Amino acid sequence: MAGGREFKVSTRKQEVVAAALPLQEHWLPLSNLDLLLPPVDVGVFFCYKNHNSPSVTAARVGVLKKALAQALVTYYAFSGEVVANSVGEPEILCNNRGVDFTEAFADVELKELNLHNPDESIEGKLVPNKKHGVLAVQATELKCGGMVVACTFDHRIADAYSTNMLLISWAKMANSKSPLTNKVPSFRRSLLNPRRPGQIHPSLNDMYVPVTSLPPPPKMETNGHEDHLISRIYYVAAEQLIKLQALASSNGCKRSKLESFCAFLWKMVAGSETGNDVKKLCKMGIVVDGRSRLADGNDLMSSYVGNVLSIPFGGKKIQELNEKSLNWVADEVHEFLECAVTKEHFLGLIDWVEAHRPVPGLAKIYCNGSKEGPAFVVSSGQRFPVSKVDFGWGAPVFGSYHFPWGGSSGYVMPMPSPVGNGDWVVYMHMLKGQLDVIEKKAGHVFKPLTIGYLM
């Protein structure tokens, strides 16, 4: 596939956007589930076509800033900063320091962006590098009059569900045609209090580890031949998802599209290994949102801002994954997920963190050494609200999370296609060698994302 055109981004203006109303300064502790996240930032971006009204185009940045200031009144944690408390744990100082907002211009047209390769077109150009606070925003005008609106946020403060809530609220504040029926965000940490006494299932020690128990990081090879992680974006057609689901289901047991997709990807990653490596384990984790499990009829969980995540994972020998059928692998996916989709699992995880504090914990799938065999995590972005992030100049033609997180494990996020036809858009941050094999063996499933597909 032909790459996009090289382009430069120039900064026009930088300022800080604070909440529109004064806030009383206070401390907001992180929940036990927040404390499982390392200090990593997550990016998200949206691409908009040129609006046919020059007045709308000229006013866009002002509209974005004013609406953001209004949204930050209720989403005040995003306007604060993360500071260590007396025992070294991160907390949010809700001081309304504000959000760093960058206005920029890129000498490229929307149709020239190589969205398939965000390392080339997005990273370091259109998604801001957050230097201060919890959230950073960049609005980049394109040569064609289109615009890219992008955010980078501290994952310790919010998961994707929480950030999606903020994005929708921000868009509704900006769009006069959009009804203001926002959820009022909840920061009530008591919803995730540990039990007294705690009850910890032994399986949690297989999924999480205190950071003090981690082995030292392996020495980096410098021979220039080491494989490296890259980011790519694909689309998967709806009919391919239906075919995978049919192949992954057996004995009258229908697997979900996500389970089927994950099983297929697990086999593909295993198939990228050769030689003696086939005796190693290939590990796959799947992010589970605990809000509905912990709700118990309490609607506050549906509006809770923070992290309510667990990452169960499975590890199978590469040779076994290669030899077994897709429906067998899908059964294995379903089995390791089953233990983590309960209320008791999340209550136990909260208790596990409490038992180890102030030592931080980390999901074991993220602690994979390069000599242990491949490992990656799938996080479903099916709730990603692309069509709802309309600031008043139309829904985005494209949007995606962007998470080149810097660890040794891969990261995959399938999201609904903005085309709205049942296709998926899939962001993949994986080893180049793995993606080369996936493109070669499963190019009929994973198609490079292009502007042509979107428009």
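Let me start with how elements are named: helices (H or I, at least four residues) and strands (E, at least two) are DSSP runs, numbered from the N terminus. What you see above is a predicted model, where local features need pLDDT of at least 70 and side-chain atom pairs count only at pLDDT 80 or more, while totals for chains, interfaces and linings use all residues. Residues are numbered from 1 along each chain as its sequence is written, and side-chain values use heavy atoms, with hydrogens and water left out.

Now, the peptide bonds. Most residues other than glycine have a negative phi, and most peptide bonds are trans. Where do we find exceptions here? The bond from R196 to P197 is cis, with omega near -5°, and P197 has its place in the loop between α3 and α4 (204-207). The bond from R357 to P358 is cis too, with omega near 5°; look for P358 in the loop between α10 (343-356) and β15. Then there is N96, whose phi is near 55°, a positive value in a residue other than glycine. N96 belongs to the loop between β5 (90-94) and β6 (99-106). Is N96 buried or exposed? N96 is buried, because its relative accessible area is 17% and buried means under 20% (exposed is over 50%, partly exposed in between, with a 1.4 Å probe and protein chains only).

On to strand β11, residues 281-286, where five of six residues are buried. β11 has two partners to show you, and strands pair if DSSP finds at least two bridges between them. β11 and β14 (residues 313-317) run antiparallel, joined by five bridges, with G285 opposite F313. β11 and β16 run parallel, with four bridges, and there the bridge partner of G285 is V377.

Let's turn to the rings. Rings of Phe, Tyr and Trp (its six-membered ring) pair if their centres lie within 6.5 Å; planes under 30 degrees apart are stacked, over 60 edge-to-face, and the rest tilted. The whole structure has 20 aromatic pairs. One of them is W170 with F391, edge-to-face at 4.9 Å centre to centre and 65° between the planes. That pair links distant parts of the chain, 221 residues apart: W170 is in helix α3, and F391 in the loop between β16 (375-378) and β17 (398-402). W170 counts as buried at 2% relative accessibility, and F391 counts as buried at 1%. Elsewhere, Y234, F261, F264, W424 and F446 make up one aromatic cluster.

Charges meet rings as well; a charge sits over a ring if NZ of Lys or CZ of Arg is within 6 Å of the ring centre and within 35 degrees of the ring normal. K125 does this over F7, 4.3 Å from the ring centre, and K324 over W328, at 5.2 Å.

Last, helix α5 (residues 238-248), which holds Q240. Q240 counts as buried, at 13% relative accessibility.
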